[in-house]
Protein chains: 4
Amino acid sequence: MAERTARFVRDVVVPVEREIVVDGRRMDDALRLELVAAAKDAGVFGPLSPVEYGGFGLDFRGQAHVLIAAGASLVGPLALHCWAPDDGNIHLLADATTPAQRERYLAPLAAGEVRSSIAMTEPAPGTGSDPSMLRTLATRVPGGWSITGAKHLITGADGAAFTICVARTDAGPTMFLVDADNPGMRVVRRMPTLDFTSAPGGHCEVAFDDCRVDDDAVLGEVGLGLEYAQARLAPSRLTFCMNWLGLAVRAHVLAAEHVLGRHSFGAPIAEHGMAQALVADNEIDLAAARALVHATAATLDLQGATSSAARHDAAIAKTFVSEAVWRVLDRAVQLFGGLGVCEDHLVARFLVEARAFRIYEGPSEVLRASVARRVFRRLG
Amino acid sequence: MAERTARFVRDVVVPVEREIVVDGRRMDDALRLELVAAAKDAGVFGPLSPVEYGGFGLDFRGQAHVLIAAGASLVGPLALHCWAPDDGNIHLLADATTPAQRERYLAPLAAGEVRSSIAMTEPAPGTGSDPSMLRTLATRVPGGWSITGAKHLITGADGAAFTICVARTDAGPTMFLVDADNPGMRVVRRMPTLDFTSAPGGHCEVAFDDCRVDDDAVLGEVGLGLEYAQARLAPSRLTFCMNWLGLAVRAHVLAAEHVLGRHSFGAPIAEHGMAQALVADNEIDLAAARALVHATAATLDLQGATSSAARHDAAIAKTFVSEAVWRVLDRAVQLFGGLGVCEDHLVARFLVEARAFRIYEGPSEVLRASVARRVFRRLG
Amino acid sequence: MAERTARFVRDVVVPVEREIVVDGRRMDDALRLELVAAAKDAGVFGPLSPVEYGGFGLDFRGQAHVLIAAGASLVGPLALHCWAPDDGNIHLLADATTPAQRERYLAPLAAGEVRSSIAMTEPAPGTGSDPSMLRTLATRVPGGWSITGAKHLITGADGAAFTICVARTDAGPTMFLVDADNPGMRVVRRMPTLDFTSAPGGHCEVAFDDCRVDDDAVLGEVGLGLEYAQARLAPSRLTFCMNWLGLAVRAHVLAAEHVLGRHSFGAPIAEHGMAQALVADNEIDLAAARALVHATAATLDLQGATSSAARHDAAIAKTFVSEAVWRVLDRAVQLFGGLGVCEDHLVARFLVEARAFRIYEGPSEVLRASVARRVFRRLG
Amino acid sequence: MAERTARFVRDVVVPVEREIVVDGRRMDDALRLELVAAAKDAGVFGPLSPVEYGGFGLDFRGQAHVLIAAGASLVGPLALHCWAPDDGNIHLLADATTPAQRERYLAPLAAGEVRSSIAMTEPAPGTGSDPSMLRTLATRVPGGWSITGAKHLITGADGAAFTICVARTDAGPTMFLVDADNPGMRVVRRMPTLDFTSAPGGHCEVAFDDCRVDDDAVLGEVGLGLEYAQARLAPSRLTFCMNWLGLAVRAHVLAAEHVLGRHSFGAPIAEHGMAQALVADNEIDLAAARALVHATAATLDLQGATSSAARHDAAIAKTFVSEAVWRVLDRAVQLFGGLGVCEDHLVARFLVEARAFRIYEGPSEVLRASVARRVFRRLG
């Protein structure tokens with residue numbers, strides 16, 4: 001399936017990617033659905049969607065091969081529907097919901113018919129990396145809840161069929177399923193972020209203002225919102241690693257191919273030591289990242305995605321891979337020389353889009369702190 | 001004057017910058033002229049323009065203070081008219097032209113009334129970093145020359161009043177002054193580069209097709225084009241260092257201010273060791289870059305801008321400062337967290353615009369090779 | 001067996017290591033034989049020695065676990081006899097020798113009764129990283145060969161039972177088995193290298209002066225010396241990665257344990273962000289290195305140790321792991337503060353001994369060039 | 001005087017250094033006095049000793065040139081007597097002592113006749129980087145004080161004529177001048193640190209056990225010990241930067257000269273891109289470090305060595321220069337290839353000796369925290 005995916009990305013997705021990056025075609029939901037349909041035709045849709053909802057339900061080791069192949073294009077993961085936040089939301093909905101919720105929310109989501117979002121992050125002094133700072137409040141009202149609070153950097157909120165809102169209750173943080181047409185929820189604006197290619201719904205400011213939901217809107221149990229968020233993290237981080245690693249592999253190849261056949265200072269650039277160093281460092285970073293991704297996938301499969309080992313290894317993988325991907329893309333730009341900052345050659349766009357990867361789902365600094373704490377705990 | 005510049009940038013330029021980055025105002029020539037007029041009003045226009053053309057004609061040590069202050073905004077150097085390629089072209093025209101050429105080209109350029117460009121770089125297999133690969137050809141025709149060739153990545157070509165075209169002749173590479181309305185020169189397109197804020201004329205593909213110029217269009221002497229290009233390099237590289245250093249200083253301050261007053265994990269972020277490391281590394285990089293810029297300015301002043309020492313020191317400064325600026329901007333983004341990739345806070349835009357600085361006027365790899373060769377020559 | 005090895009190293013080897021590093025006990029052959037005997041008693045001797053000679057004959061994936069455990073002490077690999085150059089020589093002798101040679105040389109070597117060396121590297125202008133520069137000459141004499149040339153940096157030559165000398169013949173580079181008592185071979189001196197703990201025979205200058213050997217001293221076929229050297233490389237590089245990775249893991253644990261329980265500036269050092277960053281970076285580097293080592297071991301097992309994939313992957317692993325180990329040891333020193341440069345705590349000694357790992361068996365620069373060439377070849 | 005110093009180091013000091021590093025000559029006080037005498041003969045002794053005690057009393061900008069020249073050899077600063085801890089102790093004694101103390105302690109010290117030490121650092125849980133953790137106690141006894149406590153990592157204690165002991169009193173931390181023959185002070189042992197070449201008195205454990213001193217042993221005022229220690233810091237850090245920068249310059253030249261004339265893979269190594277990158281990075285790091293050292297010297301001269309600006313800039317310089325020196329020495333080793341880890345070529349020894357520079361007088365992590373705090377304070 002990885003090979004099929006690679007072919008699909010090369011033949012179907014990459015031409016669309018070029019239209020978006022070079023010709024300014026807009027990445028919107030119509031285009032997303034077109035790509036999803038093509039992925040279904042090609043038999044590669046849904047590597048992580050459950051089998052009962054039309055996906056492949058691959059384990060993490062299986063996903064690794066497919067998602068790296070899908071990641072070769074900025075929009076490949078959208079086509080296969082293995083991209084944030086839907087990937088994590090599919091895991092979450094499959095694990096923690098009632099049959100009715102699964103029917104209503106998971107079925108169309110897993111099938112790629114709709115998109116979703118998850119509203120956790122808040123403007124200061126609300127929660128960013130530290131979940132204990134959650135301020136959005138859900139209070140009891142007859143037959144349900146009223147949610148009020150401000151969220152921002154909510155990926156995909158604009159156009160999502162539903163949003164999973166995390167809010168404080170007396171019993172602790174709780175997740176609520178909020179339909180897009182709920183009048184109490186409003187997408188205030190798309191924030192002007194660096195990346196736009198791969199987020200058809202942008203990264204949004206979302207306001208909840210006395211947003212009323214029924215009791216059956218609670219996802220899982222009241223008060224367990226952070227546990228669900230935690231459970232979502234390791235898979236979600238690993239998915240990102242796979243997707244972005246695929247993009248870095250592509251950039252590496254694009255850059256090396258660009259260099260081949262070019263000359264300067266009387267020799268092929270491929271014979272210049274400093275160009276070789278850039279290419280070799282890319283190859284080395286990618287090999288280490290790939291080995292780490294596969295090893296982490298094995299941990300998630302064998303010890304469970306919510307195990308302490310999984311959380312530790314996924315935090316390590318996210319930190320290493322996000323930084324390695326950044327280095328690889330940066331070197332790819334450098335290998336293109338002046339053309340490297342020209343979006344014609346895509347690597348410029350790749351670099352810009354990738355910057356957020358070192359921040360979202362845990363900035364490197366927060367992940368390093370958590371990794372160190374686990375090391376000390378293990379020894380202490 | 002540095003303080004006056006700092007005030008001008010803060011009060012006049014920064015609000016415009018925000019309109020451009022956040023509100024999408026276009027950086028075009030009307031806006032550039034508006035900024036130039038404001039700079040003249042504020043008494044800060046033209047730090048490097050000759051005194052006889054209305055500038056301050058500062059030496060490099062003097063420029064350092066002013067240009068770092070100007071660089072605090074992406075469009076500050078445009079307002080003061082100390083930005084590429086005009087800065088280098090002013091030096092070049094002041095040094096190597098006839099009185100008539102100075103009157104016709106330098107006077108309006110130094111006064112900021114017009115912009116200029118210099119057309120050196122060519123698509124492969126033409127010249128990039130290696131000037132010996134120059135392919136654009138200038139051949140003798142009665143009373144002048146016919147120039148034919150393709151150029152690309154020509155900064156500011158679109159809208160420039162004139163372009164200095166570097167072309168091969170039988171006597172060697174030669175520079176020609178080509179007016180914008182010359183029918184043999186055509187701006188093919190603006191290339192879709194990452195930076196747009198600070199280049200009102202874009203980075204362009206330019207075609208010369210039997211482009212006829214008179215004998216008096218020759219800049220300096222026939223056959224000395226590379227010598228002039230070389231002479232232009234050290235000042236031009238140092239100007240960039242000053243401007244970009246100013247921007248990095250600003251990003252550092254923006255990021256540190258952003259962190260102040262914020263909390264996470266039960267403590268002010270300013271007390272988190274990893275945030276302190278980012279801030280300290282920025283402060284350290286900036287201190288080293290600043291010291292190097294001032295030391296290099298002294299070399300250019302005391303040993304001459306075309307001396308071997310000047311070329312060596314400017315290559316060192318360009319390599320170090322461009323990489324230090326990149327690190328500082330990248331850390332500033334990281335300190336902003338999720339908001340760091342959102343253009344609201346400017347540092348995201350700064351990072352993207354700065355990527356080219358490690359490539360143009362000599363990619364780091366080419367500069368390192370030249371630095372090492374000089375080290376070996378000194379010892380050999 | 002990895003667990004057995006870990007216990008053996010902890011209980012038996014580490015106390016000896018402390019005597020060597022802290023108390024100045026000399027690492028000589030008597031001590032080496034003592035350690036070997038202890039390893040045999042503990043049932044951990046010979047992970048890579050062939051089964052018929054008393055070893056375990058583990059494949060590379062199996063070796064990875066055991067050799068990382070053995071590497072936890074500087075002298076662990078000597079005890080298990082999986083240390084350079086004997087590890088590579090065992091591979092070489094097992095693959096390319098006659099039964100008689102195996103009996104005479106491999107049997108006692110694989111059993112750890114004797115040590116060996118391989119004499120390839122020469123003083124300039126002889127061969128260093130570039131095998132084509134080999135200058136030591138072997139010429140035909142009746143019934144055998146006469147070898148003349150100078151070698152240096154020959155690990156373990158002093159006290160080795162035999163040395164494999166690589167010399168040029170008319171038919172190409174050739175390997176010769178030279179007994180220690182051959183009067184034509186002389187250990188000129190032990191070179192004053194930084195590492196001494198783990199090399200009982202030092203790194204020596206060796207002179208061959210009309211050194212006479214019989215025809216049956218030829219290892220394998222005349223003219224195939226470089227092929228054998230090449231074949232030896234991937235396993236040898238990977239063995240180093242395993243051993244040194246084990247040492248880095250130990251240093252990481254020593255440093256984290258040292259930090260635990262200490263305070264400064266009003267908080268446990270383990271809560272200081274910059275200490276956490278050092279610990280986390282060690283954990284991350286080690287995880288990536290371990291994943292890469294296991295993945296490379298799989299390549300060697302599945303595609304053959306002399307396959308092009310094995311050579312590529314081993315070159316990548318050697319480059320990454322040698323640099324990661326260096327970073328980890330350096331951070332471990334830093335975590336110990338002032339005590340970090342004091343050999344009482346071992347990490348200072350580990351750092352010093354490890355410096356050569358980024359150079360021998362291919363300096364990082366030479367490996368990067370070969371990695372890049374293979375990338376270009378694959379694409380070209 | 002810088003040129004005279006450079007000549008002196010080259011002609012007189014470097015041969016001695018080779019005897020120490022390569023031939024094992026011991027760096028003891030007899031040798032130190034021999035070198036001091038030679039420096040006096042050469043007219044270069046005492047760049048920072050006060051003029052009235054036979055030194056040159058240079059300001060920091062003047063010192064920069066001379067101390068960089070002196071640092072070209074590991075033992076050059078000992079010869080010129082501008083090496084820790086005597087450099088800082090001379091500053092301290094010149095500023096904060098009574099005339100009688102100056103006569104008794106400063107006069108012979110400034111003249112290089114004796115060595116001194118300063119006993120601040122203590123084993124855990126005593127003070128390391130955090131001065132508030134000082135545990136050594138000085139209590140009032142009739143006519144004087146009794147000091148009790150344990151110190152370690154006390155540079156030069158063995159053989160020092162006197163030691164400045166920092167101890168807690170009721171009135172706060174206080175400095176005491178303790179003569180070497182005081183029976184209450186005992187050098188327990190020289191600690192087995194990595195560096196030995198440049199510390200004739202080692203780094204020692206020192207025990208104070210009811211160590212009696214008279215009232216006139218108090219250095220400056222009771223309770224101001226930390227203020228004096230603070231005042232000593234900026235000059236002391238900057239001196240280190242100068243000395244070590246000189247060594248890194250020498251290693252850079254040694255490595256580049258080694259490479260010149262050597263070949264591999266069919267070309268001079270000096271033409272290999274990756275070797276050029278190492279050489280260029282050294283040249284760049286050294287240029288930045290040098291510019292920063294001179295700029296910091298100017299701050300100390302113009303704003304005072306105890307000003308907040310001086311402390312900030314010296315902390316920045318120490319952090320940057322100690323890390324740059326380490327990188328330069330490490331690259332120099334790499335450029336020597338296998339010979340780089342062989343002490344014959346000195347750079348191996350330089351690297352090992354330099355490791356402590358990133359730790360003593362403030363580890364990089366502690367300095368970064370203080371730099372960041374000052375940045376936040378400036379803005380807050």
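In the predicted model described here, the C-alpha centres of domain 1 of chain A and domain 3 of chain A lie 19 Å apart. The assignment, which like all the domain bounds used here is automatic or taken from a database, divides chain A into domain 1 (2-83), domain 2 (116-219) and domain 3 (226-379). Where domain 1 of chain A and domain 3 of chain A are in contact (heavy atoms within 4.5 Å), 21 residues of domain 1 of chain A and 26 residues of domain 3 of chain A take part.

Residues are numbered from 1 along each chain as its sequence is written, and chains are lettered from A and ligands numbered from 1 in the order in which they are written. Since this is a predicted model, local features need pLDDT of at least 70 and side-chain atom pairs count only at pLDDT 80 or more, while totals for chains, interfaces and linings use all residues; side-chain values use heavy atoms, with hydrogens and water left out.

The size of an interface is often given as the accessible area lost when the parts come together. In these terms, with buried area taken as the accessible area (1.4 Å probe) that two parts lose on being put together, summed over both, domain 1 of chain A and domain 3 of chain A bury about 1,900 Å² between them, and 69% of this lies on carbon and sulfur atoms. On the side of domain 1 of chain A, the three residues A:Phe60, A:Ile68 and A:Leu74 supply 34% of the area buried against domain 3 of chain A, more than any other three residues. Two salt bridges are found across this interface, a salt bridge being a side-chain nitrogen of Lys or Arg within 4 Å of a carboxyl oxygen of Asp or Glu, and there is a salt bridge between the side chains of A:Asp301 and A:Arg61, with N to O at 2.8 Å. Helices (H or I, at least four residues) and strands (E, at least two) are DSSP runs, numbered from the N terminus; on the side of domain 1 of chain A that touches domain 3 of chain A, α1 (2-21) and α3 (60-70) of chain A each supply at least two residues, and the largest share, seven residues, comes from α3(A).

Between chains A and B, the contact takes 42 residues from chain A and 42 residues from chain B. The area buried between chain A and chain B is about 3,600 Å², and carbon and sulfur atoms give 67% of it, while A:Leu194, A:Gln334 and A:Val341 supply 18% of the area that chain A buries against chain B, more than any other three residues. Six salt bridges are found across the interface of chain A and chain B, and A:Arg189 forms a salt bridge with B:Asp344, in which the closest N and O atoms are 2.4 Å apart. The largest share of the side of chain A that touches chain B, five residues, comes from α11(A). When that side is divided by class (Ala, Val, Leu, Ile, Met, Phe, Trp, Tyr, Cys and Pro count as nonpolar, Asp, Glu, Lys and Arg as charged, and the others, Gly among them, as polar), its residues are 22 nonpolar, ten polar and ten charged.

The contact between chains B and D takes 34 residues from chain B and 34 residues from chain D. The buried area of chain B and chain D is about 2,800 Å², of which 77% is given by carbon and sulfur atoms, and in chain B the residues that lose the most area to chain D are B:Glu283, B:Ile284 and B:Phe376, together 22% of what that side buries. Across the interface of chain B and chain D there are six salt bridges, and the side chains of D:Asp281 and B:Arg368 meet in a salt bridge at 2.6 Å, N to O. Of the side of chain B that touches chain D, α8(B) gives the largest share, twelve residues, and by class that side has 22 nonpolar, five polar and seven charged residues.

Some features of the backbone complete the description. The peptide bond from C:Ala124 to C:Pro125 is cis, with omega near 5°, and C:Pro125 is found in the loop between β1 (116-119) and β2 (137-141) of chain C. A cis peptide bond also joins D:Ala84 and D:Pro85, with omega about -5°, and D:Pro85 has its place in the loop between α4 (76-80) and α5 (86-96) of chain D.
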